[in-house]
Amino acid sequence: MATNETAFVTGAGSGMGRAIARRLASRGACLGLFDLSQDGLEETAAELGAEDGPKPLLFSGDVRDETALRAAVEATVEARGGLDTAVACAGIEVTGKVPEMDPADWERIVGINLTGVFNTARVTIPRLEQDRPGAFVAISSDAGVQGAQEFAAYCATKHGVIGLVRSLALDHGPQGVRCNIVAPGFVETPMADRIFADFSGEEVAGWEKTVPMGRFARADEVAAVVAHLTSADAAYTNGAVYSIDGGATAGYFMP
Ligand code: NAP
């Protein structure tokens, strides 16, 4: 698969999606990259070197818009002749307690984090089946396997992603499409920068200490796991929830 691979990545204009695009390009994959931000996509493309294969195809759009996603996947397939890998990475954070939340924020986060993964699966899985073997990976979170204070809406969407993609593994594994989930803890990306914007350096260091590895993840560490799960090395891995959280959800831990 390495040299003829075509991969479609949402949320590829920043953070983890960008790191995943870089990592898949480095193994020779042709890329279709999708994000709200055209500028972000262009920055991602600019980070790819000449040795990273053909120029990626860039599509700015909203994962809530199935029509836009479908057009992007079809254009990728048409240009590259197939689809082997799809990664649903686009996501947002919304914080706050439920009674105080604006219901519009609930709709927005469910639309992007959960329906966005649903839409990405709808438009990529039939094509992955056609070109099997295929691999689909969605980015959930450690907040997909446990609650988080003042992150109820985010947690609900990330738990939903796990239920959705585990079920995809059952429905499409038999057709040759492996569907897996990664569940990172805090990762050094613009999203984490926004979450910690009002924290002091000491407070952030305190959070890092609660992780058995003593630090947050780098985006390339998540990308490496996504690269594994979408490779032939993971040929028997289907329906897995792969924690990438430095052991934060492994159990009680006293720093
Ligand atoms: P990020 O740096 O903010 O990147 C997210 C990307 O998704 C941005 O380029 C953003 O575009 C794009 N996006 C947002 N809404 C979109 C939409 N409706 N349609 C298409 N693209 C959209 O965040 P990240 O940390 O890399 O997060 C990537 C994924 O990992 C998310 O699903 C997040 O929930 C998950 N995650 C993050 C962490 C963490 O600590 N960072 C931990 C666990 C899981 P704009 O910039 O234009 O909004």
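Okay, let's start with a piece of the fold: strand S2, helix H2 (residues 38-47) and strand S3 make a right-handed β-α-β unit. Right-handed here means that, with the strands pointing away from you, the path from the first strand over the helix to the second runs clockwise. Helices (H or I, at least four residues) and strands (E, at least two) are DSSP runs, numbered from the N terminus.

Quick word on what we're looking at. This is a predicted model, where local features need pLDDT of at least 70, side-chain atom pairs count only at pLDDT 80 or more, and totals for chains, interfaces and linings use all residues. Residues are numbered from 1 along each chain as its sequence is written, and side-chain values use heavy atoms, with hydrogens and water left out.

Back to S2, residues 30-35. S1 (residues 6-10) runs parallel to S2, with 5 bridges, and valine 9 has leucine 33 as its bridge partner. S2 and S3 (residues 57-60) are parallel too, joined by 4 bridges, and there phenylalanine 34 sits opposite phenylalanine 59. For pairing, DSSP has to find at least two bridges between two strands.

Next, the inside. A nonpolar core is a set of buried Ala, Val, Leu, Ile, Met, Phe, Trp, Tyr and Cys residues joined through side-chain atoms within 4.5 Å. The largest one has 42 residues, and Phe8, Phe136, Val165 and Cys179 touch the most other members. Several elements supply at least two residues each, including H3 (66-80), H4 (103-130) and S6 (177-184). H5 gives the most, with 8 residues. Leaving out residues up to four places away in sequence, Cys179 touches Ile125, Phe136, Val165, Leu168, Ala169, Asn238, Gly239 and Ala240; contact means heavy atoms within 4.5 Å. There's also a second, separate core of 30 residues, with Ile20, Val87, Ala223 and Val225 among them.

Last topic, charges. A salt bridge is a side-chain nitrogen of Lys or Arg within 4 Å of a carboxyl oxygen of Asp or Glu, and the count comes to 14. Take glutamate 43 and arginine 18, at 3.4 Å, N to O. Glutamate 43 is in H2 and arginine 18 is in H1, 25 residues apart. Arginine 18 is buried, at 12% relative accessible area, whereas glutamate 43 is partly exposed at 45%.

Glutamate 47 and arginine 22 form another salt bridge, at 2.2 Å, N to O. Which residues are linked in a network of salt bridges? Arg18, Arg22, Glu43 and Glu47.

Technical notes
Buried means under 20% relative accessible area, exposed over 50%, partly exposed in between (1.4 Å probe, protein chains only).
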